[in-house]
Amino acid sequence: MKNQCVHNSELSHADIVHLLTDEPASQLYARADEVRQAALGSDVHLRGLIEFSNICRNDCLYCGIRRGNKGVKRYRMGDDELVETARRAVEIGFKTIVLQSGEDMHFDQDRMSRIIERIKQMDVALTLSIGERDYSDYEAFRNAGADRYLLRIETTDVDLYHRLNPGMSWQRRNECLLMIKELGYEVGSGIMVGLPGQTVESIAGDLLYLKDLGVDMAGIGPFIPHPDTPLANEQGGSLEMALRTMAVMRLLLPDINIPATTAMESLHPQGRIMALKAGANVVMPNVTEGEYRRLYELYPGKICVDDTPLQCRTCIGMKIQSIGRTIGQGKGGHIRSASSA
Ligand code: SAH
């Protein structure tokens, strides 16, 4: 282990493995918290997450809305319904809207572009999380005004990726991320922690991959087995390992946006607060309405399925303030500090 004076971003693969396994957790979290405070201050940025379709062409073994799960009642919002959901989220104060869905090609280039244009008239930052598309789609969405794109690489263990994502290609996913970057989106990526067969060494490699890619945002969450998927009987990831991984991400990339993920809160009622104290600076409250919340079930134990957007906004706002943090008032994009430029 290098001594503490070495710049955090120079951590080697071996250093990272050490931090993930042997470093006392409370020490690691405190260090990530300090790095976050020094680089970004107390602000926590809120993103309103709209889960607008659970229809998906893919069959990812871990995911509750995989094509092969015939037990899911499928839905997709209408275009106007989606835009109105965004409008209500903006009305209750969100400055960033995240549109997430399965890979539902009903939302083709033209339809999606029109939706983006309409939401962008509301003076908000807009993030897309709708999976793999071709270059011309990414380009059209960017031209329509989308600012950011979230696409988790999930794992950099290529064999594991191919086992978990039948019919998909790791190389293709990597290319999608490169296209997104080239088009000038703020790039969000990330991984799941605790996938079956995933090793600590491979998680360390994932973190270095995200650093090399130069992500603007990194979402890290525990894998939670869904009972109606082929991985139902797997163990899943622990909150501690997910928090450790997130904390090391903060050491590697001091000024990026790191969300306290909803999956963390599904494992522990204070999971997101724990994450905010261990390097995170973003929360993505759900602003999906009504029955759709329950139907967008990537993993079991999803929180707040009976709440309204306003309840979620109020609840997380109070939690954030209770730990002495402030709610970011701007759009909360990635601002590179001088040292990382
Ligand atoms: N279809 C889009 C976005 C929706 S999935 C896409 O693939 O990018 C959003 C994220 O949820 C995935 O990237 C994955 O990391 C996470 N996820 C899916 N199933 C999960 C599970 N069982 N436990 C924890 N996270 C899961």
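**Legends to close-up views of the predicted model**

**View 1. Surroundings of the ligand.** The ligand is surrounded by 18 residues, and the closest are Y62, S101, R152, E154 and I224. This arrangement belongs to a predicted model. By residue class, the shell around the ligand comprises 10 nonpolar, 5 polar and 3 charged residues.

View 2. At Y62, a backbone N or O atom is placed 2.9 Å from a nitrogen atom of the ligand. L298 likewise presents a backbone N or O atom, here 3.5 Å from a nitrogen atom of the ligand. In E154 the side chain takes part: one of its N or O atoms is 2.6 Å from an oxygen atom of the ligand. The ligand taken alone exposes 550 Å², of which the protein buries 91%.

View 3. The side chains of R36 and D33 form a salt bridge, with their closest N and O atoms 2.7 Å apart. Both residues belong to helix 2 (residues 25–40), where a separation of 3 residues corresponds to about one turn of the helix. The two partners fall into separate accessibility classes: R36 has a relative accessible area of 2% and is therefore buried, whereas D33, at 23% relative accessibility, counts as partly exposed. Side chains of opposite charge can pair when their charged atoms come close.

View 4. D79 and R111 meet through their side chains in a salt bridge, at an N to O distance of 2.9 Å. This pair links distant parts of the chain, since D79 lies in helix 3 (residues 79–91) and R111 in helix 4 (residues 109–120), 32 residues apart. D79 has a relative accessible area of 23% and is partly exposed. R111 is also partly exposed, with a relative accessible area of 28%.

**View 5. The salt bridge of D137 and R133.** Which residue meets D137 in a salt bridge? The partner is R133, and the N to O distance between the side chains is 3.0 Å. Buried means under 20% relative accessible area. D137 therefore counts as buried, at 8% relative accessibility. R133 is likewise buried, with a value of 3%.

View 6. R66 is located in the loop between strand 2 (48–53) and helix 3. Is R66 buried or exposed? Its relative accessible area is 10%, so R66 is buried. Salt bridges link R66 with D59 and R67 in a network.

**View 7. The chain as the setting of the close-ups.** The chain contains 13 helices and 10 strands. Its radius of gyration is 19 Å, close to the 20 Å that the globule rule gives for 341 residues, so the chain is as compact as a globular protein of that length. Along the principal axes, the C-alpha atoms fill a box of roughly 55 × 40 × 40 Å. Of the 341 residues, 57% count as buried. The count of salt bridges comes to 24, among them the pair of R36 and D33.

Notes
Residues numbered from 1 in each chain as written. Predicted model: local features only at pLDDT ≥ 70, side-chain atom pairs only at ≥ 80, totals over all residues. Heavy atoms only, no water. Near = heavy atom within 4 Å. Polar contact = N/O pair within 3.5 Å; in protein donor to acceptor, adjacent residues only side chain to side chain. Areas by Shrake-Rupley, 256 points an atom, 1.4 Å probe, with all protein chains shown as cover. Nonpolar A, V, L, I, M, F, W, Y, C, P; charged D, E, K, R; others polar. Salt bridge = Lys/Arg side-chain N within 4 Å of Asp/Glu carboxyl O. Helix = DSSP H or I, 4+ residues; strand = E, 2+ residues; numbered from the N terminus. Buried < 20%, exposed > 50% of the residue type's maximum accessible area, 1.4 Å probe, protein only. Rg over C-alpha atoms; globule rule 2.2 N^0.38 Å.
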